[in-house]
Amino acid sequence: MLEKLINLKKTIRNKIPKPLINFYHYLFSLFGAIYYKFPSKEIIVIGVTGTKGKTTTCYLIYSLLSGLGIKTALSSSLYFYFGDEKVENKSRITMPGRWFLQEFLRTAVNKQCEIAVIETTSEGLWQNRHKFIDFDICVFLNLHPEHIEHHGGFENYKRAKGKLFEGLLRGARKYFRGKLVKKTIIANFDDFYVDYFLSFPSERKITFGLEGNPQKRDHLQIINYKLTTKGTYFVLNEDSKDKKEPKYFTRLLGKQNLYNILASLCVLKALDIPINSAKEILKNIEPLPGHFEIIQAKNFKVIIDYAHTPDSIEELYKNIWNIFKPKRLLCLIGSAGGLRDKWKRPEIGKIAAKYCNEIVISNEDPFDEDPLKIMKEIEHGVKLYLAEYEFEKPYKIIEDRREAIKYLIENAQKNDIIVLIGKGAEPTIETKDGPIPWNEKEVVLELINDLKLNKKNENNRSSNK
């Protein structure tokens, strides 16, 4: 009965024209703003958007501001924060609809938060969930093909992201600790689409990057960095004036996290907070669960990451090879169902075939699609790459995700690294029959422990013979 109701709800939702759904969310945003008395006029609001890195960047901004003694609220895909108070986002919706965000902002104001950080998605922006929120600082991280089928093309996806920046100057002017905050756009200068996001009107524009260096811009750049297994060291262009060139350190791994860090430091610039005041705080920020999270076994490592787009998956594999230099890279790959960007499934297969020594294709979030069909489409990409370059690499389909992880752990050798993508810290696997509870880290730890016990029992049996 429950399955029939769920399918009926999906059918009805798919029949409703998108403009009507968007208008529905617009009305809820309006009613929410009225009911909660337009809370965004009473608090500095920062919006962060981009294809990848949103959750980490939002958490970095929250952590840096909190570490500086600024009570900050955060709405993101993992948690909601109000200062030190932490609430799990059980909905799995990154940018909740109806009037949730207005309620979130009113709660933040009532709890005396000075700043609110909101992770914003293309879906939420397209559906007007950001309406009647007066943003003060809008951050653009990057743009890559994602949700293309849902939006009906890449240009529509880009325009959806742009909605965050459209009304920036129309919002109320606010003060932070006695000083007027300029309406500011912060943008990744290294991204191909940066000019589009900088084209929106604002009172201040700040850029950041690792590559380009626009001399006439308000620009923050990392001019030197070193990736290590313990974390990353880097030097900012603003430090070069100091002969000592103080180095920053972060426990966050990989080149991509340098962009997330730069974006968060630019927020400090926008608020006229000295960047070097965050140096010690940055040092102690732990990586988020499920984001390049490393689990050390006796002879090998397991890395859990949320990467789910071809670009982010390739970046992850590159980082692992460059930083850890493993003997072999064993990977579990998958892709979400529910008609989500079917084009990327063979692409994920190709990337895995390029970088990994052994591949297991498994379940991720099939939703109402046939899981095996999704996995076969990924396998097609693996086969194409291996045939094109005349390689032979072992690969297999193991539909049960736990069994797939078990297979990789049991077959790992000394100095191997196993990489699990797609789930990160998500608490469920979404199927046509509803959500199944899931905790990737707990599963890995259990299976590693089982492996230890099995080996111990084998050794005991051998010694008793």
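This is a predicted model: local features need pLDDT of at least 70, side-chain atom pairs count only at pLDDT 80 or more; totals for chains, interfaces and linings use all residues.
Local features need pLDDT of at least 70 and side-chain atom pairs count only at pLDDT 80 or more, while totals for chains, interfaces and linings use all residues. Residues are numbered from 1 along each chain as its sequence is written, and side-chain values use heavy atoms, with hydrogens and water left out.

**View A. Packing of helix α3 on helix α9.** Helix α3 spans residues 54–67 and helix α9 spans residues 255–270 (helices are DSSP runs of H or I, at least four residues, numbered from the N terminus). Their axes lie 9 Å apart at an angle of about 45 degrees (axes are lines fitted to C-alpha atoms over the stretch in contact, and angles run from 0 to 180 degrees between N-to-C directions). This makes α3 oblique to α9 (under 35 degrees counts as roughly parallel, over 145 as roughly antiparallel, 65 to 115 as roughly perpendicular, and the rest as oblique). The crossing of α3 past α9 is right-handed (the near helix is turned clockwise from the far one by less than a right angle). Residues T56, T57, L60, I61, L64 and L65 of α3 touch N257, N260, I261, A263, S264, L265, V267 and L268 of α9 (contact means heavy atoms within 4.5 Å). Nine of these residues are nonpolar, five are polar and none is charged (Ala, Val, Leu, Ile, Met, Phe, Trp, Tyr, Cys and Pro count as nonpolar, Asp, Glu, Lys and Arg as charged, and the others, Gly among them, as polar).

**View B. Packing of helix α11 on helix α12.** Helix α11 (residues 310–324) and helix α12 (residues 344–355) pack with axes 9 Å apart, at about 10 degrees. The two helices are therefore roughly parallel to each other. On α11 the contact residues are P310, I313, E314, Y317, K318 and W321; on α12 they are K344, E347, I348, I351, A352, K354 and Y355. By class, eight are nonpolar, none is polar and five are charged.

**View C. Crossing of helix α12 with helix α13.** The axes of α12 and α13 (residues 371–388) come within 7 Å and cross at roughly 45 degrees. The pair is therefore oblique, and α12 passes α13 in a right-handed crossing. Contact residues include K350 and K354 of α12 and E377 and Y385 of α13. The contact holds eight nonpolar, two polar and four charged residues.
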